[in-house]
Amino acid sequence: MWSRKVKFVEQSEHSECGITSITMILNYLGIPVSLNFLRDKYGVPKGGNTLFHLKSIFQDFGISTSGFKVNDLKFFKENNRPCILFWDNKHYVVFERIKFNKIIIVDPALGRKKYSYKDFWEHFSSVVLVPVGMDKDLHLDYKIEKKKNILVSILFKQKLKIVGLILFTLLIQFFALGIPVITQRAVDNYKILSQDLTVTEIMILIGMVFGVYYVLQIFRTILIANFQNYFEKNLMTEFMKKIMSLPLSFFVNRSTGDLIFRSNLTTYIQQLLSSQLITTIIDMVFVVAYLSLMISYSVQLTVVSMFGIAIIIVSSFCNTKRYQYLTDKELTLHSKIHRTLVELFEGMETVKSIGAEKQFYEDWEKNFIEQLKVQMSKNRASGFIGNIATATQFIMPLMIMGVGIYGISNGSLTVGELISFNAIATAFVTPIITIMGSYSSIMLLQSYFGKLSEILEQKVQNEDSKEVFDEDYESIELRNVSFQYSKFEDPILKNINISIGKHEKVAIVGPSGSGKSTLVKVLSGLYSPSEGEVLLNGKDIKGLTQESIRQKVSMVNQNPAIFNMSLKDNILMNKSEVDESLFMAAVKDARVNEIIDMLPMGYETQVSEGGMNLSGGQMQRIAIARAIVNTPELMLMDEPTSALDNISENYIMNRVKEYDFPCVVVSHRLNTIQHFDRVIVMYQGRIVEEGTHDELMKKRGLYSYIYSGNLEASELKGEQAIG
């Protein structure tokens, strides 16, 4: 059976609204694929998917679709079932259905929303993709993997603490249950008790009850604190391990602010679990116990109480549904605000230099005002709906008293029983409200954990199953390597075949956008090729542990990250045992010593976050020193000196060439790589020329054109012509 509602799936990357919408439609049609599966299989093109891409994906799953240009509501009233809409001329959403003159849309970015007809036409871009048929005999190329439930596994490891928490809560509730019974006995037998017990004895008994109750509460609080600590530690550990093991390609289209926001959700999850959900089990048990005790006192008063409790349950349920919807919306806005702030703080220099403060402020203000509106809506919902339960709980003792007086007058109820019943009814309402609150918590937990699980469920190859590469470097080879981010984009690298031998110094050159940086990332193992193999000493790099590869291969990026630590620590990066002479040589060869001489605290100078107190050239020098200190057996450098002056660049590159390790350098400054052993020339993702500087200049091909700039494009020989 197809589900009546479309299950919401949230997009994680800014360009994946298309495949997220497809995920929701496929799930609705009974094909339980995940967004992660579609992302891994098809990738996400820069700028997102076209309708043709979406149609092709549907075809792979045996679903035929038709596209329509729609200009009136008649189409949706006649086809009142889920389909994909083009939205705001830049986005895809899922049309769910029309209900009560409202159009329900499931937006991958914002969740389920209702629109009036007028508001709908302000956003709808008149294009719709409708599933029209399904080939049920088609063998679908996917398998549903059994997901490891991180939440359950963490809870299971703490089963003893959870059992202890339940036992202490049970004992505390038994004490609470006994108080009304004792009260009733005391009121109805006050004459006998006053003769048998002195005031001192009564106070001693009360003190003993207080002591036992106090000790139980202490143990329960300590257990909850231990559970909270353990849960958050393990959930955050799982999250960080997963983040660290994910490939670089995972982070290309993701917002830093959104990832930080998701990591903070672990705290909210542990608070919800430990403060409410564990005790809900006990509350459900005691609801039955309280109800039985109430019936034993008075059926009539129980019916009156249940009427009030029914009002509390219904109003709480309605409030929870509304609260969850608004919370999901608020979470999305929180993430956007966080993302804006991170981008602002990380790019403050650029923002200031181009005068973009107003743009960032307006972007932040827009989402912040929207968040305040959502918070206000939540408060209104709590005020108008949530307070129905509060008012009913307030008036219930009066209702019970009013009916109970008649019971006392006709002898069916004693004064003590009425007082006791009132206390029990009040106690009965508490677990009911707790249970309804827990229902709300479960909904929140579902929202929070859904955002975390998108990362926790990412597939990564287990490093334990890989081989540790401990051989001396001999060669690295690319065989028929192609690379693309998405199945629907042209490959960035196309059928690359190269080999870098021991001691070789190789330069990679070519026009911007020819795939040079991508090639270096594939060589380093940061990107996995879409096709072909990367062989290190003849071994497929996919089967080798990343840690052992990083010990052999050092990478210098064009825009290196400099961290908020001392200058020395930025160079060593946790390498505790580094020979002092090696360190000093690396510092000198990268000309970092010139930076140190200008700083009052020398090597121990604290670097600002992101290297804000350093120039681009200084950061590149530090990155080069960092790579040399790592004593690599293969050095990969992507525009490592682009921010340096010519004198510093020539000095550093000449020093690098004197090291024994093989080196691959991407460079636009061709004068620094003239004397390299080999120059590889790339154009539009392919290797079009290869040879020494002199050989390539004689060819009068693309390299000569780039180097001298004296040739016209039409003069280039053979296949090297730009066309």
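User: Where is Thr631 placed?
Analyst: Thr631 is in the loop between α20 (616-629) and β13 (634-638); helices (H or I, at least four residues) and strands (E, at least two) are DSSP runs, numbered from the N terminus. This is a predicted model, in which local features need pLDDT of at least 70 and side-chain atom pairs count only at pLDDT 80 or more, while totals for chains, interfaces and linings use all residues. Residues are numbered from 1 along each chain as its sequence is written, and side-chain values use heavy atoms, with hydrogens and water left out.
User: What is the phi of Thr631?
Analyst: Thr631 has a positive phi of about 45°, although it is not a glycine.
User: Now Ser482: is that residue buried or exposed?
Analyst: Ser482 counts as buried because its relative accessibility is 12%. Buried means under 20% relative accessible area, exposed over 50%, and partly exposed in between (1.4 Å probe, protein chains only).
User: And which strand holds Ser482?
Analyst: Ser482 belongs to strand β7 (residues 475-483).
User: What lies 3.0 Å from a polar atom of its side chain, the side chain of Ser482?
Analyst: That is the backbone nitrogen of Asn495.
User: Where is Asn495, then?
Analyst: Asn495 is part of strand β8 (residues 493-501). Asn495 is not a glycine, yet its phi is positive, about 50°. With 44% relative accessibility, Asn495 counts as partly exposed.

Definitions and conventions. A polar contact is a pair of N or O atoms within 3.5 Å; within protein, one must be able to donate a hydrogen and the other to accept it, and residues adjacent in sequence count only if both atoms are side-chain atoms.
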